Amino acid sequence: MSQSSQPPAIEPDYLALLDSDRISGRTRQVMEERAQTSDADYKPRHLSPTAYEVLIALATRVLPQSSVLPEATINLAARIDARLGTPGDGWRFATLPPDREAYELALTGIDKQAQHRDGSAFKDLSPEQQDALIHVMADGELATDSLDATQMQSWFGDLRADCVQIFISHPAVQAQLGIDAVFNGGDGVFQGFVKMGEGVSEDWEPAGKELDR
Amino acid sequence: MPRLDPRDLRLHSETGKGVDWPFDFETLRPYVERVEREIGVSGPENYPWDPERRYAYPPPQRNGAANAMIRGCDALGIRNADGPTALITRDWGDRKACVGCGACHQGCRNGAKSGTDVTYLPLAVSAGAEIRPNCFVHGIERDSSGRVTAVVYQENGQDRKQRCAALVLAAGAVETARLLLHTGLANRSGQVGRNYMAHISTQVWGRFDEIIRPNKGYPSLTLTEDMMRPKDADFVGGYLIQSLGMMPLTWATGVARGRGLWGEALTRYLRGYNYMAGIGAHGDCLPYEGNLVTLSDEIGRAGVPKPKINFSYGQNEQAMHEHMARTMTAIWEAAGAKDIWSMDRAAHMIGTCRMGTDPDDSVVDPVGRSHDIDNLWISDHSIFPSATAANPALAIMALSSAPQRQSRRDNSRGALRPAPAGLGEPL
């Protein structure tokens, strides 16, 4: 799959594992799809252009990626927009409308609050101003025209979940963190894990970069 | 796959809270043991809380979280053991021994996990059953005497009808109630959808100095039943504690929702995945007036209104959650974990069609048959009168044997085929 992946790049050692017999063909295909998705020049299909712009700025503050992916980032906003066209996991807060509508209302609501409080669109605020507004939302005190402060707080939980799911399931991120969950067995031989326990690794297991913890 | 605690079936007699089951554990025990034998369950040689209990397979290998929990519990004098686990550790027919791949919650690839896909469903098919996937039942037809004659279901957008001599619903505490509320059947008691419960399933996570890789091995092997009736409890009922491993996506979702992190703090925490281990509880839950499943005003698949779940903790659940968080934090501190935090969560959907002897106060009788319609049965966790602390899977399967027993005694109604002979003894 090394020939076809789009940025962010996957570490060569990890790519070799993705091409090895320790992963099933079906799982490899899923990882490939995640790596092949082109985030560049994505045009929103489910959110309005305004809401999408807010989402791009918001996702950058909610889950900054540079400490894991210094070269190129995953376009979280693009993948969330694409996700909003799927049935999702079947769950939602009873107090919120369906996901696509909730995102649209929350994001445009945040933009209006930014205009109202700081006199500028959310995407044009300074990072400090953006964080201040996010803090108000996280604390359950940001009411917007369509969603009240409690609804916004619940929606913010949904947004955080969407961001981390897209991020940690990307092969480039799993490579950086040394996560080997997808290498739990191939189609021919289903290896599983032989060595496990604290401080125990198998020879082939990816080390992951030395990240300060 | 822990068993029900006999005390949990008599919670009302013991405490005046909740409701008793309409039979005691000894009545259910033969069915529990039969299920364990038929599906294959592994467990320790000596189970500290039930010395006479035996399991057919030895436990799987311990992972990082399992070892950490043993260390923490031992330091605090809390008894612990490898828990009973619905997987096989030796090959058995077409099924292979567990290889510790860690994907139990996602799906087992070699038949080691004793799920219905490798146990009762193949048995049913071999006995003549036909499985029709991706079908959605939205109607139930009855004759002039009120007995069920057919179900109406949607497949690829087309309505189809299947005539039946008897109907067994097994769609779970939300969907079984949803279908009955939608059709208006079996609800003379007004109890359908009521008494919705969940397990109080608090988790505690911590970071360890040594690499853990929480995706490896059977996720929740080490177990203690010492908190089933803790001496210092300020709540009724009790809970089990198990070690916890987790796949990255599930774990990250819990972090994002449960710990409330965002910004650089969130990224920094996610980076430590390989060094995290968890410990989690499942505890009993009382029924409350306001906790229920109803039909929402939004139309869902096949025109059936979407279900709406109302659920929140009462005082008992809040007190139990706090006790769990305190106890598991102490275990994790004793195990050497750092940056420890607890996540408030509930798991497993229970109740909504409870069984009982009084038709005014329950939906089905003690063997799972509707009080109102004599060829309608419910065979899932919606019939549990109380939540109990054990994972519901074993009790669901054990209770599912009861209708079969009844139908053999009751041939005049010709309701169901006789019970299948079973899967036989493990090799």
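**Two chains, one predicted model**

Reader: Start with chain B. Which strand does β2(B) join, and by how many bridges?

Author: This is a predicted model. In it, 6 bridges join β2(B) to β3 of chain B, residues 148-155. The two strands run antiparallel.

Reader: Give me a residue to look at. What stands opposite B:Glu141?

Author: B:Ala150, in β3(B).

Reader: What is the strand order in that sheet?

Author: The order is β2-β3-β4, in chain B. It is an open sheet of 3 strands with antiparallel pairing. β2 (136-142) and β4 (158-163) of chain B stand at the edges. Each has a single partner strand, so one side of each is left without a neighbour in the sheet.

Reader: How many degrees of twist from one strand to the next?

Author: The twist averages 25 degrees.

Reader: Where do side chains point in a regular strand?

Author: They alternate between the two faces of the sheet.

Reader: Now the hairpin of β11(B) and β12(B). How many residues lie between the strands?

Author: There are 5 residues between them. Among them, look at B:Ala302, which takes a positive phi near 55 degrees. The strands themselves, β11 (292-299) and β12 (305-310) of chain B, pair in the antiparallel sense over 5 bridges. B:Ile299 stands opposite B:Pro305 in β12(B).

Reader: Switching to the interface. How many residues of chain B are in contact with chain A?

Author: 43 residues of chain B, in contact with 37 residues of chain A.

Reader: Which element gives the largest share on the chain B side?

Author: α6(B), with 7 residues. α3 (64-76), α6 (248-259) and α7 (264-270) of chain B each supply at least two residues to that side.

Reader: How does that side divide by class?

Author: It has 18 nonpolar, 15 polar and 10 charged residues.

Reader: On to chain A. How many helices and strands?

Author: 8 helices and 0 strands. The C-alpha atoms of chain A fill a box of roughly 60 × 35 × 35 Å along the principal axes.

Reader: What share of chain A counts as buried?

Author: 42% of its 213 residues. As for contacts in chain A with a separation of 6 or more, 71% of them come from residues 24 or more positions apart.

Reader: At what angle do α4(A) and α7(A) pack?

Author: About 110 degrees, with the axes 10 Å apart. That makes α4(A) roughly perpendicular to α7(A).

Reader: Which residues of α4(A) and α7(A) meet there?

Author: From α4(A), A:Leu76, A:Arg79, A:Ile80 and A:Arg83. From α7(A), A:Asp162, A:Cys163, A:Ile166 and A:Phe167. The residues of this contact divide into 5 nonpolar, no polar and 3 charged.

Reader: Why would residues three or four places apart in an α-helix point the same way?

Author: Because an α-helix has 3.6 residues a turn.

Reader: Is α7(A) largely enclosed or left open?

Author: Largely enclosed by the rest of the structure, because 14 of its 20 residues are buried. Its length agrees with expectation too. At 1.5 Å a residue, α7(A) should span 28 Å, and its end C-alpha atoms are 29 Å apart.

Reader: Last one, B:Ala330. Buried, exposed or partly exposed?

Author: B:Ala330 is partly exposed, with 17 other C-beta atoms within 10 Å. Buried would take 20 or more. B:Ala330 is found in helix α8 of chain B, residues 315-335.

Reader: How many Å apart are B:Ala330 and B:Arg29?

Author: They are 34 Å apart in space, C-alpha to C-alpha. In sequence they are 301 residues apart.

Key: Residues are numbered from 1 along each chain as its sequence is written. Chains are lettered from A and ligands numbered from 1 in the order in which they are written. This is a predicted model: local features need pLDDT of at least 70, side-chain atom pairs count only at pLDDT 80 or more; totals for chains, interfaces and linings use all residues. Two strands pair if DSSP finds at least two bridges between them. Helices (H or I, at least four residues) and strands (E, at least two) are DSSP runs, numbered from the N terminus. Axes are lines fitted to C-alpha atoms, for helices over the stretch in contact, and angles run from 0 to 180 degrees between N-to-C directions. Two residues are in contact if their C-beta atoms, placed from the backbone, lie within 7 Å. Ala, Val, Leu, Ile, Met, Phe, Trp, Tyr, Cys and Pro count as nonpolar, Asp, Glu, Lys and Arg as charged, and the others, Gly among them, as polar. Angles under 35 degrees count as roughly parallel, over 145 as roughly antiparallel, 65 to 115 as roughly perpendicular and the rest as oblique. The expected span of a helix is 1.5 Å times one less than its number of residues. A residue is buried if 20 or more other C-beta atoms lie within 10 Å of its own, exposed if 12 or fewer, and partly exposed in between; C-beta atoms are placed from the backbone.
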